[in-house]
Amino acid sequence: MLSFPPLLSSLTLLLVLVLCTNNGGVDSASIDPRKIGKGYRLISISESPDGGLLGHLQVNQKNNIYGPDIPHLQLYVKHETDDRLRVHITDAEKQRWEVPYNLLPREQPPALKQTIGRSRKKPLATSKYSGSELIFSYTADPFGFAVTRKSNGETLFNSSSEPSDPYGSLVFKDQYLEISTKLPKDASLYGLGENTQPHGIKLYPNDPYTLYTTDVSAINLNTDLYGSHPVYMDLRNMGGEVYTHAVLLLNSNGMDVVYRGNSLTYKVIGGVFDFYFFSGPTPLSVVDQYTAFIGRPAPMPYWALGFHQCRWGYHNLSVVEDVVENYKKAKIPLDVIWNDDDHMDGHKDFTLNNNSYPRPRLLAFLDKIHEEGMKYIVIIDPGIGVNSTYGVYQRAMAKDIFIKYEGKPYLAQVWPGAVNFPDFLNPTTVDWWGDEIKRFHELVPVDGLWIDMNEVSNFCSGLCTIPKGKKCPSVTGPGWECCLDCVNITKTRWDDPPYKINASGLGVPVGYKTIATSAVHYNGVLEYDAHSLYGFSQTIATHKALQGLEGKRPFILTRSTYVGSGHYAAHWTGDNKGTWEDLKYSISTMLNFGIFGVPMVGSDICGFYPAPTEELCNRWIEVGAFYPFSRDHANYYSPRQELYQWKSVAESARNALGMRYKLLPYLYTLSYEAHTTGAPIARPLFFSFPNFTDCYGLSTQFLLGSSLMVSPVLEKGKSRVKAMFPPGTWYNLFDMTEAVLSSDGGHYLTLDAPLHVINVHLYQNTIIPMQQGGLISKQARMTPFSLVVTFPSGATEGEAKGKLFLDDDELPEMKLGNGFSSYIELYASVGQGEVKVWSNVQESKFALEKGWVIEKVTVLGLNGIGKAFSLEVDGNADVDTSKVEFTETEHRHIEKLEGGNRKKSLMVEVKGLELPVGKKFSMSWKMGISG
């Protein structure tokens, strides 16, 4: 139960603060050009009925820079949970646009009051409102607020402005909102996407951060790309004490965020200030708290973690059949084959080209691959072709579901030519969309949907008409050149707002190559406000449709994302290029999306645009095999780049994807953790090593889960890689006899990395489940399990932990308690000369019915081999151990990190086991050989 401190409690219902009113103009000679106005003052504050704070602000000095000030604001503050604080500021007298509460469910602030209290009581200069973890405090005039951490008094956010600051006080106009916060110089910030960050995962001072969903290729650096995620994570190391928090500004309007290193300023072109502060204090707890609010990441089917192959330009079904067959011949794993729009009739959604993809042959092909366990996914774009003979368009027109301009469906151009865009804010559209997906699924039983171009992308700008007397698009052109007759729209303040965000990295109009921002959605909502929600709203509608088809777990891949998109879909990072730079950038973008609550993410392997070199494609599959979402995709104009096209790339693919498929039970367990706690599948190293400052900006390595580190080659012509090893013992996953012992300070180490080698290391004190792999996840999933247990090198004492989640991955929900899932907790210890490995099983029925067994346990880092072996299964010691055998291999340590007193360290394998995964077991043995 949250409570007010004594100062506020004693004043209970109403505290009134009055300062001089001055509605005069602005003295231009005294203005700092970086500062707008004199801010607001708090004139009243009271306790709201729900236990929060409700205050009113009045502008101090009106000005017309970027439009007139909104004179009165309502302030609402509430500790919504122990670790989440909300600060909401809006017009006190008029309802303003906010992210719709039905799209992102959350508490509603109190209703607006039409009269503003002006009782002239003694002003109160400052006060505080305390929760369990965070404290909100404010200054009355000019109004500013601060959020501090209760445990140590650290200020996390402070909006007050000093004369020497390069920013001013709160600004709140109809189309321009500004607020800033001070920051310590040594704070490490992450987030504020989607953009391609050339400096790595850490936000870089004075780089532009513009948030506005845009169809701009990911090869463009520091540019607003496909998604809008106005959230940042702030990590601070205070003398060895590390604390992390996050700040979300829940606002869908376009914005520039100016990060200067010691301050951050939001410049937003509409909506409200709706801040959420998440107290952490660890990176994992921050993401846990964040996804508890925005929606937990979507459960993924098991096959989605397999390898995917796509290309724009599979001209007919025979080509697709050949691709699948060639992967088999090359013995490269493949779970999912995709079609870009090649299967469509004239690029039209929900159609099939019966010449190049004749339905009987396609159905036969799908029957065949489905029987083997493979899946098939196709693309859908939001633009619906304007064609009076096209059933999808006819039904849409009959339902009146398109976005309008001046009362008519807004006309744009995408791949089919002239299109209209469905309005997914309209409930009727959601139903229509679901019906069209159902109709298409009856035509072609696809296993998932890929929704693209949903920023929204438009090949034209402005108000357009279909030209008469010419074909649009032409048969010979590239297809993306505007061929409609268009005129620019600049007559409204929505098309030409007073403040120009740095749209597309060039300051282009906000309606450039998208829907005109004065177009209208359902209930009169302006595209200006809802623009960045289009892909999010389409994702929700698609998810609802797929769930309603067969009751199976949906798989959706979306290009455009917003806060909460990860609750419904996976994401790929869009149109990249086959360059070494793009390979490197892919890691930072992937890691950012884990922070955004979209853990199922990856980049087009080998690059979308032409053309990767053979060496680059080798290195890219070595990285991409460890993306959470692993897909090769290429452009229509690119040379063929399936992994079997080069013998050397095929070898690298067999090696890297071979390991991925052995790790599928580990990856699937990580996806369960993501779904239940928000924990990213791929993580920056600082998630596991927050005290290790050297990894705060590290963007060339990453973790899968807490303990599996990937250190790829990212440069041309290199056969060695410089890798950072945080303190502790690391074991080479491809050769578990090799160990790296890193001292307390951590070390960089140069590792051998010939062309077909990717360095992957497993950290101490971990247990990971593995299987034997295979060419399709369905086959790999039924092979015997092995456990890999790691202790510090030469350990005589230690503990290790791991977990394993198993379920029927076709069920919509990914949870325990339904009779179709099992959860196994894995433990190991070494001490007093004894090694022990054991399990606890929750809900054993599913695992037992599947017949899964553990056949081998490998323990790394011991200082002795086994003797006096004992084994119990479900408490029964009468277990046949006649086939059990021990082998030992001494670890090879990389000498550069070794001191003079290195202990002997062994890999001990226990083979010949037949332990049912669904039964708890306990095994132990004495270490008979000391180091």
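Okay, housekeeping. It's a predicted model, so local features need pLDDT of at least 70 and side-chain atom pairs count only at pLDDT 80 or more, while totals for chains, interfaces and linings use all residues. Residues are numbered from 1 along each chain as its sequence is written, and side-chain values use heavy atoms, with hydrogens and water left out.

Let's start inside. A nonpolar core here is a set of buried Ala, Val, Leu, Ile, Met, Phe, Trp, Tyr and Cys residues joined through side-chain atoms within 4.5 Å. Buried is under 20% relative accessible area, exposed is over 50%, and partly exposed is in between, with a 1.4 Å probe and protein chains only. The largest core has 195 residues, and Leu248, Phe555 and Leu643 are among those with the most contacts inside it. Leucine 643 touches, among others, Phe307, Tyr327, Cys606 and Leu657, leaving aside residues up to four places away in sequence; contact means heavy atoms within 4.5 Å. Apart from that core lies another one, of 46 residues, including Val59, Phe136, Tyr209 and Tyr266.

Now, histidine 633. Where do you find histidine 633? It's in the loop between β34 (630-632) and α11 (647-662). Helices (H or I, at least four residues) and strands (E, at least two) are DSSP runs, numbered from the N terminus. Histidine 633 is buried, at a relative accessible area of 2%, and its contacts include Cys310, Trp312, Asp340, Trp450 and Asp604.

On to the sheet. Five strands make an open, antiparallel sheet in the order β10-β11-β17-β16-β13; two strands pair if DSSP finds at least two bridges between them. β10 (171-172) and β13 (208-211) are at the edges with a single partner strand each, so one side of each has no neighbour in the sheet. Further in, β11 (residues 177-182) and β17 (residues 263-268) run antiparallel, joined by 6 bridges.

Next, helix α12. It covers residues 664-677, and at 1.5 Å a residue its 14 residues should span 20 Å; the end C-alpha atoms are 19 Å apart, which agrees. That expected span is 1.5 Å times one less than the number of residues. Of the 14 residues, 12 are buried, so α12 is largely enclosed by the rest of the structure. Just after α12, glycine 678 takes a positive phi of about 85°.

Last, ring pairs: how many aromatic pairs does a search of the whole structure find? It finds 62. Rings of Phe, Tyr and Trp (its six-membered ring) pair with centres within 6.5 Å; planes under 30 degrees apart are stacked, over 60 edge-to-face, and the rest tilted. Tryptophan 730 and tyrosine 763 are a tilted pair, 4.5 Å centre to centre with 45° between planes, and both are buried. Phenylalanine 869 and phenylalanine 886 have centres 5.5 Å apart and planes at 75°, so that pair is edge-to-face. Phenylalanine 869, at 21% relative accessibility, counts as partly exposed.
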